[in-house]
Amino acid sequence: MKRLPLAALMVAFFILLLWAVSVRQALLFLIGIGMGAALAGARFGFTTGWRQLIEHKDPRGVTAKLCCWQSRPFWRCHCWRTTPS
């Protein structure tokens, strides 16, 4: 995969966000791209846990993902509340 066209597309989209929307959204876009690149570089993802489970009989990755999925409704309901209850 050639990275230069992808990088050029991201820079163009950043400039478009900066010009058409706001500085905040453009910076959030860069932060998201950076975090995604870091996680992809670390090979953090759903399939890694399954591969470790099948190849090495190591269920830690699948267990961690299931725990994250299970706790997601709790965090959405209790921790990210924007209005006082």
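Student: How many helices and how many strands are there in the chain?
Tutor: The chain has four helices and zero strands. Please keep in mind that this is a predicted model.

Student: And what pattern does the chain follow along the sequence?
Tutor: The pattern, read along the sequence, is α-α-α-α.

Student: What percentage of the residues count as buried?
Tutor: Of the 85 residues in the chain, 9% count as buried. The accessible surface of the chain is about 7,600 Å², and 70% of that surface belongs to carbon and sulfur atoms.

Student: Which residues make the nonpolar surface patch?
Tutor: Leu18, Val23, Leu27 and Leu30 make this patch, which covers about 340 Å². Helix α2, residues 23–41, supplies the largest share of the patch, with three residues.

Student: Let us take valine 23, then. Is it buried or exposed?
Tutor: Valine 23, which lies in helix α2, has a relative accessible area of 52%, so it is exposed, the cut-off being over 50%.

Student: Changing topic: how many aromatic pairs does a search of the whole structure find?
Tutor: The search finds one aromatic pair. Its members are phenylalanine 13 and phenylalanine 29, whose ring centres lie 5.0 Å apart.

Student: Why is the pair edge-to-face?
Tutor: The planes of the two rings stand at 65°, and a pair counts as edge-to-face when that angle is over 60 degrees.

Student: Which helices do the two phenylalanines lie in?
Tutor: Phenylalanine 13 lies in helix α1, residues 3–20, and phenylalanine 29 lies in helix α2, so the pair ties together parts that are 16 residues apart in sequence.

Student: How far apart are alanine 64 and glycine 49 in space?
Tutor: Alanine 64 and glycine 49 are 8.5 Å apart, C-alpha to C-alpha. In sequence, these two residues are 15 residues apart.

Key. Residues numbered from 1 in each chain as written. Predicted model: local features only at pLDDT ≥ 70, side-chain atom pairs only at ≥ 80, totals over all residues. Heavy atoms only, no water. Buried < 20%, exposed > 50% of the residue type's maximum accessible area, 1.4 Å probe, protein only. Areas by Shrake-Rupley, 256 points an atom, 1.4 Å probe, with all protein chains shown as cover. Patch = residues over 30% accessible without salt bridge, like charges linked within 9 Å, V, L, I, M, F, W, Y side chains within 5 Å. Salt bridge = Lys/Arg side-chain N within 4 Å of Asp/Glu carboxyl O. Phe/Tyr/Trp six-rings, centres within 6.5 Å; stacked < 30°, edge-to-face > 60°.
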